[in-house]
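Colleague: Could you take me closely through the sheets of this model and the helices that pack on them, with the cut-offs behind each term?

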Amino acid sequence: MKTLIISHNPISTYQSMGKTMLAFFSQFEREELCQLYIYPTLPDTDKCGSYFRITDKAVLKSYLRFRVQSGEVSPLLQSEKTDLSEEDRKLYRNKKNKSPFRILARDWLWKGARWYNKALKAWLDKEKPTCIFIAPGAQKFLYDIALKIAKKRGIPIVTYICDEFYFLEKKKGFWGRLQQRALRKKIRKLMQRTAHVITICDELKEIYSQTFGVAATTLMTGANYPPREAPREVDKPTVLTYTGNIRWNRYTSLAEIGKTLDDINAQTNAGYALHIYTREKDESILSAFDGIQSVQFCGFLQGKAFDDTLKNAEILVHTEAFDDESIDGVKHSVSTKIADCLSVGNCLFAYGPKQVASMRYLLDTQSAVCATEPSALKDALLCVLTDRDSRLKAVENALQAAKANHDGQKTSETLKNILKNL
């Protein structure tokens, strides 16, 4: 058995989907894995026996050069230069790229490019994959890549659904409706060719298996760390720590946390702070934190620095936005970072609407101190900061949930058996 992983990002230790796949395939030998991806980054782990990259820039330049320059890449181990360059970061982080027209334009560029070229064919002939594991998204071209390779080589597809794009409210505007219809059509085509669907939660498993009649299994994200045996006790925490992406309007909820901490500090003469570790550079987003004294931006973390920060945090933070569009986009998704947050033995504070699957999961398992509406935010923050018993109870429940649902070894072994039995 050899699995071809097709995704936007490479397996890595510095990006959320990269880390998710690293946990998913932890029990595979490197000779059993190869990966095709499209972001202009490099893996920092040799988990796969081989990596092949086709970038957007190569596709765009092919309209002048009449060929797509693509090829095998080598991981950069123990390096901090694997992530996006500053130029590429500005390009990929541009909020306008999320507009329906630009999503369609990117798909059109890939559709007209000859990405299935000699280099890719030779690489596939060398690697000889026996199945495909695809982690798709909002762009149709990634579906096309998987479908074409599966057809050409006569191999089955396993599709991983952690973000939901099919069962969303109807988009507004001509381009929005056009893009949504095209993506839904492509998702149906992929489901017809899919032998098994892996979902991040039972809600997605049920809705996809019932709608498309495909075998489905829930595999919650495996943690990258073994669960601690006991909670990590902090007598008087003063710092809340948030790591990761602050988009999907999560920054608005983080700003509300910061403002509430400012109020608490003013009333109690305390010095509570919210430390945010992110790569975000967009001033229109960062401006939401103007004037909030309790918020500190601490830069982007990866590798050991990220591990140490997560494990040593006094209180970790997960948040979701309250606006209707953001809720619709993540209502069936459980954030991939929750597995690690529950495993490290630190108290988790969660702020977001209860309609979102991530929040429902934390509420059901009682594994975090939660605020599910703005009016409850201040009391919940005071609870997590001052009530030692509430923190310990939440961490004890979190560690139980981590052992039951986020055992990376068991998750990887289950995935391996699914792929073997295709």
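**Sheets and their helices**

Modeller: Helix α7 (residues 174-193) lies across β5 (131-134), β6 (157-161) and β7 (194-199), and runs at about 110 degrees to β7. Helices (H or I, at least four residues) and strands (E, at least two) are DSSP runs, numbered from the N terminus; axes are lines fitted to C-alpha atoms, for helices over the stretch in contact, and angles run from 0 to 180 degrees between N-to-C directions. This is a predicted model, in which local features need pLDDT of at least 70 and side-chain atom pairs count only at pLDDT 80 or more, while totals for chains, interfaces and linings use all residues. Residues are numbered from 1 along each chain as its sequence is written, and side-chain values use heavy atoms, with hydrogens and water left out.

The strands that α7 lies across belong to an open sheet of eight strands with mixed pairing, in the order β4-β3-β2-β1-β5-β6-β7-β8, where two strands pair if DSSP finds at least two bridges between them. At its edges stand β4 (71-73) and β8 (216-218), each with a single partner strand, so one side of each is left without a neighbour in the sheet. Neighbouring strands of this sheet are turned by 25 degrees against each other on average, direction ignored. Within the sheet, β1 (residues 3-7) and β2 (residues 33-37) are paired in the parallel sense over five bridges, and Ser7 has Tyr37 as its bridge partner in β2. Helix α5 (residues 118-127) also packs on this sheet, touching β1, β2, β3 (50-53) and β4, and its direction makes about 165 degrees with that of β3; contact here means heavy atoms within 4.5 Å.

A second open sheet has six strands in the order β11-β10-β9-β12-β13-β14, and its pairing is parallel. Its edges are β11 (295-297) and β14 (369-371), each of which has a single partner strand, so one side of each is left without a neighbour in the sheet. In this sheet too, neighbouring strands are turned by 25 degrees against each other on average, direction ignored. Three bridges join β13 (residues 347-351) to β14, and the two run parallel; the bridge partner of Tyr351 in β14 is Ala371. Helix α9 (residues 250-268) packs on the sheet and touches β9 (239-243), β10 (273-277), β11, β12 (315-319) and β13, with its direction at about 155 degrees to that of β10.
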